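I opened my notebook to look through a new chain. Here is what I looked up, step by step.

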Amino acid sequence: MEYLLHYTWKHRLFPLQGLLTTDGDEVEVISPGRHNADAGPDFLDARLRIGGTLWVGNVEIHLRSSDWYRHHHDSDGAYDTVVLHVVEDADCDVTTSGGVRIPQLRVDIPHEVSENYNELSMSDYHPRCREVLPMLPRLTITSWLSALSVERLEYRMQQIMERRKECGLSWEDTAFVTVARTFGFGKNGDAFERWALALPSGAVGKHRDDLFQVEALFFGMAGLLSEPSDADGYYSRLQGEWRYLSKKFTLTPIDPTVWKFLRMRPQNFPHRRIAQLAMLYHVGRLNLARMVGTDDINQLLSLFDTDVSDFWRTHYSFVSEPSRINSGRLSASSQRLLVLNCVIPLLFAYGRYRLDETLTNRALDLLEQLPAETNHIISRWNDAGVTCRSAADSQALIQLTTRYCEAKDCLRCRFGYEYIRHNPGFLNEKSVPV
């Protein structure tokens, strides 16, 4: 329950008058401080008046005073800056590493806070806080969604920066691997990333002008040219070209068993997606400058509007029977997903890397220009009364669901905060419906 005591202190859900230390000194909480998510005291730069003296320092919180010693803070100099120890049970005195006694304040977790939190965490609803959502002011909802959409981009940015390390700090290679992962459309994302990281960009770049050689390198490195063939057709010619190029560049394909086909529509087969990537690479669409160089959403969507070579207009794999002729182009919805899940996060990450607010703001603007996604997560929030105006909102709700709701981290959620600090009856009486 210590997290509830943190919550009580952070949001000042305790009496603001008549606070006394265990020694009887009056305490005035001017500012509870900044919640510290890293190592060290729980709250930093708190402003407190204790016994008439103004203190600016750190606050540590435990359920019991003895936890101070159990966590060895008495021998850790990082805790010598603590000016107040907040506890629910003051069962002993506490001291710094130098033996200086630290003032302690006993604070109770309000009954309604623990009751509402238990009710929220045990709820079977999705989302759990749906009872309170219709009563929240619109500003509360929109401001939280705005913060979450940025948080979602920052989360994606961290993934991209880690990927950049694997790409030898090359932004061009990072962009290609990020696009490739997105082409997995979830189910084959890991496989596509593994494949793209294994592709030697220098070798492929030397043959960019020849689509057939690009296809041979792409399919060969994917391990999809390993089956024997006697036929003198497209597949056997690819095998011959792959044998030549793999020997020339000393290439080893990835394990083909990484590719997933179960319960997948034929147009999403890895073969088809690799053929589309080969064409995009061949015509020069997969480069960072083109992806981050425009603020026109339609131009970004058009980057992924390209056809495939003749064989893939009538096939979904090397062994499939020819089907009716089709364009082989990515659907409009697939193009939007690629811009949403690849180009915009890349733009945001590159802008942060370059310390260029124009690029990061452009990423946020582009999110607002894309329509909201439609999936089971968004449907649940819509049913609960939270609607999406754009992809910025739908990305925010995905972030909220995956990083907060599924982890039952309601204490860090603004919707959860409103639920916990007030009971639903209070909200029904005091709040104006959205």
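**Confidence.** I am working with a predicted model. I looked up the pLDDT and found a chain average of 91, with 96% of the residues scoring at least 70. Where pLDDT is low, the predicted coordinates should not be read in detail.

**Cores.** Which residues have the most contacts inside the largest nonpolar core? I got Trp195, Phe218, Phe219, Trp259, Phe304 and Phe318, in a core of 77 residues. Helix α13 (residues 332-354) gives this core its largest share, 11 residues. There's also a second, separate core of 51 residues, with Leu13, Ile61, Leu84 and Trp381 among them.

**Trp259 and α6.** I listed what Trp259 touches, skipping neighbours within four places in sequence; the contacts include Ala191, Phe192 and Trp195. Those three turn up again as buried residues of helix α6 (residues 189-198), along with Gly189, Glu193 and Ala196. What covers them? The cover over the buried part of α6 includes α4 (138-166), α5 (171-183), α8 (211-221) and α10 (270-282).

**Surface.** Next I looked outside and found a nonpolar patch made of Ile30, Leu54 and Val56, with about 230 Å² of accessible area together. Val56 sits in strand β5 (residues 53-64). Is Val56 buried or exposed? Val56 counts as exposed because its relative accessibility is 53%, and the cut-off for exposed is over 50%.

Definitions and conventions:
Residues numbered from 1 in each chain as written. Predicted model: local features only at pLDDT ≥ 70, side-chain atom pairs only at ≥ 80, totals over all residues. Heavy atoms only, no water. Patch = residues over 30% accessible without salt bridge, like charges linked within 9 Å, V, L, I, M, F, W, Y side chains within 5 Å. Areas by Shrake-Rupley, 256 points an atom, 1.4 Å probe, with all protein chains shown as cover. Salt bridge = Lys/Arg side-chain N within 4 Å of Asp/Glu carboxyl O. Helix = DSSP H or I, 4+ residues; strand = E, 2+ residues; numbered from the N terminus. Buried < 20%, exposed > 50% of the residue type's maximum accessible area, 1.4 Å probe, protein only. pLDDT = per-residue confidence, 0-100. Core = buried A, V, L, I, M, F, W, Y, C linked by side-chain atoms within 4.5 Å. Contact = heavy atoms within 4.5 Å.
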